[in-house]
Amino acid sequence: MTNQEIVSKLWNLCNVLRDDGITYHQYVTELTYILFLKMAKETRTEDSIPENYRWDCLVQKSGIELKSFYKELLNHLGENCKGRVREIYQGASSNIDEPKNLEKIIKSIDELDWYSAKEEGLGNLYEGLLEKNANEKKSGAGQYFTPRVLIDVMTELVAPQPGERCNDPACGTFGFMIAADSFVKSKTDDYCDLTEKEAEFQVKEAFSGGELVHETHRLALMNAMLHNIEGRIVLGDTLSESGKTMTGYDVVLTNPPFGTKKGGERATRDDFTFTTSNKQLNFLQHIYRSLRTTGTARAAVVLPDNVLFEDNAGQKIRQDLMNKCNLHTILRLPTGIFYAQGVKTNVLFFTRGTSDENNTKEVWVYDMRSNMRSFGKTNPLKKEDFAEFEELYCAGHFEDRKETWSEENPNGRWKKYSVEEILKDEKTSLDLKWIKDNSNDVTCTLAELMETIEQKSTNIAKAVSELAKMTASIEEE
C-alpha cells in the first residue's frame, strides 16, 4: 500500500465523524494526537511517552472506557511530559463525542500497512494529509498552505547550505523548512557527508519558525518531528515583542498571512522604523531586519501586489528594503494558485547587504502572470511552469545577468529596471508591468466568482452552525 493510498484511507475516516460535527481541520488535529502515538510505536521512539499512555494501551480499550482514557491521555501528555510531546499535546482536547467513532478510527489506523508507510517515509505521509486538508475547500486550511511546487522552486533558488540558520516567521505547518532540510540533505547524502557536530547542528538548530495559531503550531511540531527536525518553533505573534528574538538568520523562506491587523491595530514591535497596520509590510520589515549583515544572508518571500505599490509607510519600507538589501528579483505569480481566489502575489528575492545603504542597483522582474493559462484545483501549477524563470535566475547567478538577456527574450516575460528608474516614480512602486495582458478576463473572473461563492456559502454554513451551538448552550444554562 502506498502513502497516497494510506492518506486516502485516513482522510475517508473523516466521514465517520460527520455526526459529531467535526470539521476537516479538527479531524487532522485529532488524527495528529492519535498518529503521534502510533508512529512513535512504529519508529520505536516511545521513550518520551509514559508506558501507561502508549499506543498498545490505547488500542486495547473500547467504548466509554476508551473515551475516558483518551481524554485522560491527552491531558497527561500535555501537562506532565516534556519536549515535543508536551508541545504537541499542550491544551489538547477531543471533539469526538461518540466512543464508537473514536474506536473505529483507532482500530482503522492500527490495521494500516505501516511497513510500507515507513518505507516511503512517515513524514511524507503526514505532509500528504496536510496537503489533502489544504486542498479541501471546506477545511479552510488552504489559507496557510503554499503550493508544494512553489515552495520547492523558492527553496532551490535560495539554496540553503549546511551550517546556515534558516527561518520561516509565519511557518504554518512548516512546509518551507521541511523543504530547506530536504534540499540540504540532498546535497550532503542525508547529512552523511557532514561531521557529527555539523549534522547535529542541522537537526537541532538549522531550521526554525514561528506560528501564531495554536492548532497550526501543533501540526508544524508534528511535521518537524516526523522529519527529524528539532529546531525551535515559536508559538506566538512574530509582529509582537516576541518576534524581536527571531533574528540572526542566513536564510528566510516564507509566505506571511494576508490582511491587516484586527481593527487597524499596529504591530507592537518597537524596533520597526515604520508603523502600519498592513501585516505583509510589517512581516517584510521583520524579514530583512532578521537577516545577518554578512553579504550572503538572503530571503525569498511571497507577498501580495499591494506591498509593491501601497504608499506612505509602504513607500518608505520599499525604499528601506532596497537600501538595506539587494532586491535583485521579483517574480509575478499567476492568479488561482492560492486558496483565496483572485489574490495577486509575487515572490521577492533579496540579499541583505553588509551596510544599510544603496544595496539595490537593478531589479529583474519576471512576469509569470500575464497571458498565462488559468490555474486552479483542476489545473495545478507544475514545476515545468517555472523552467524559463529558473533558467534566468540561475544564468551566471543574479549578480552576473547580462544585458543580452533582454535581447534573448522570446516571450517578453522578463525585464530589468535600474534603481534610478524605480526611484523616479513618486511612490517608488515595484508593481512593474510592461506586457499587455490578453487573458480571457471574463472566463477567469467567472471561475474565481464561482469558487468565491462556494467558499462564502461554506463560511455562512459554519457561522450558522456555531450560532446554533451557542444558542443551545445558552438555553441549557
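Mentor: The following account treats the sheet, then the helices packed on it, and lastly a single loop residue. Please bear in mind that the model is predicted.

The sheet is open and has 9 strands, in the order S3-S2-S1-S4-S5-S7-S6-S8-S9, with mixed pairing. Strand S3 (233-235) and strand S9 (414-418) stand at the edges; each has a single partner strand, so one side of each is left without a neighbour in the sheet. From one strand to the next, the twist averages 20°.

In general, strands of a sheet pair through backbone hydrogen bonds, in either a parallel or an antiparallel manner. Both senses can be found here. Strand S1 (residues 166-168) and strand S4 (residues 251-254) pair in the parallel sense, over 2 bridges. Within this pair, Cys-166 has Val-251 of S4 as its bridge partner.

Two helices may now be placed against the sheet. Helix H10 (residues 175-187) packs on the sheet and touches S1, S4 and strand S2 (207-211). The direction of H10 makes about 175° with that of S2. Helix H15 (residues 313-324) also packs on the sheet, where it touches strand S6 (325-332) and strand S7 (345-352). The direction of H15 makes about 120° with that of S6.

Strand S5 (residues 298-304) runs antiparallel to S7 and is joined to it by 7 bridges; Ala-299, for example, has Phe-350 of S7 as its bridge partner. S6 and S7 likewise run antiparallel, joined by 7 bridges, and here the bridge partner of Thr-329 is Phe-349 in S7.

In a regular strand, side chains alternate between the two faces of the sheet. From S7, Thr-345, Val-347, Phe-349 and Thr-351 point one way, while Asn-346, Leu-348, Phe-350 and Arg-352 point the other way. Every one of these residues is buried, and S7 is accordingly described as mostly covered, with 8 of its 8 residues buried.

Finally, let us turn to the loop residue. Thr-146 lies in the loop between helix H8 (122-135) and helix H9 (148-158). Is Thr-146 buried or exposed? Its relative accessibility is 5%, and because buried means under 20%, Thr-146 counts as buried. When neighbours within four places in sequence are left aside, Thr-146 is in contact with Ile-151, Phe-176, Asn-255 and Phe-338. With Asn-255 there is also a polar contact between the two side chains, at 3.0 Å.

Terms used
Residues numbered from 1 in each chain as written. Predicted model: local features only at pLDDT ≥ 70, side-chain atom pairs only at ≥ 80, totals over all residues. Heavy atoms only, no water. Helix = DSSP H or I, 4+ residues; strand = E, 2+ residues; numbered from the N terminus. Buried < 20%, exposed > 50% of the residue type's maximum accessible area, 1.4 Å probe, protein only. Polar contact = N/O pair within 3.5 Å; in protein donor to acceptor, adjacent residues only side chain to side chain. Contact = heavy atoms within 4.5 Å. Pairing = 2+ DSSP bridges. Axes fitted to C-alpha atoms, helices over the stretch in contact; angles between N-to-C directions.
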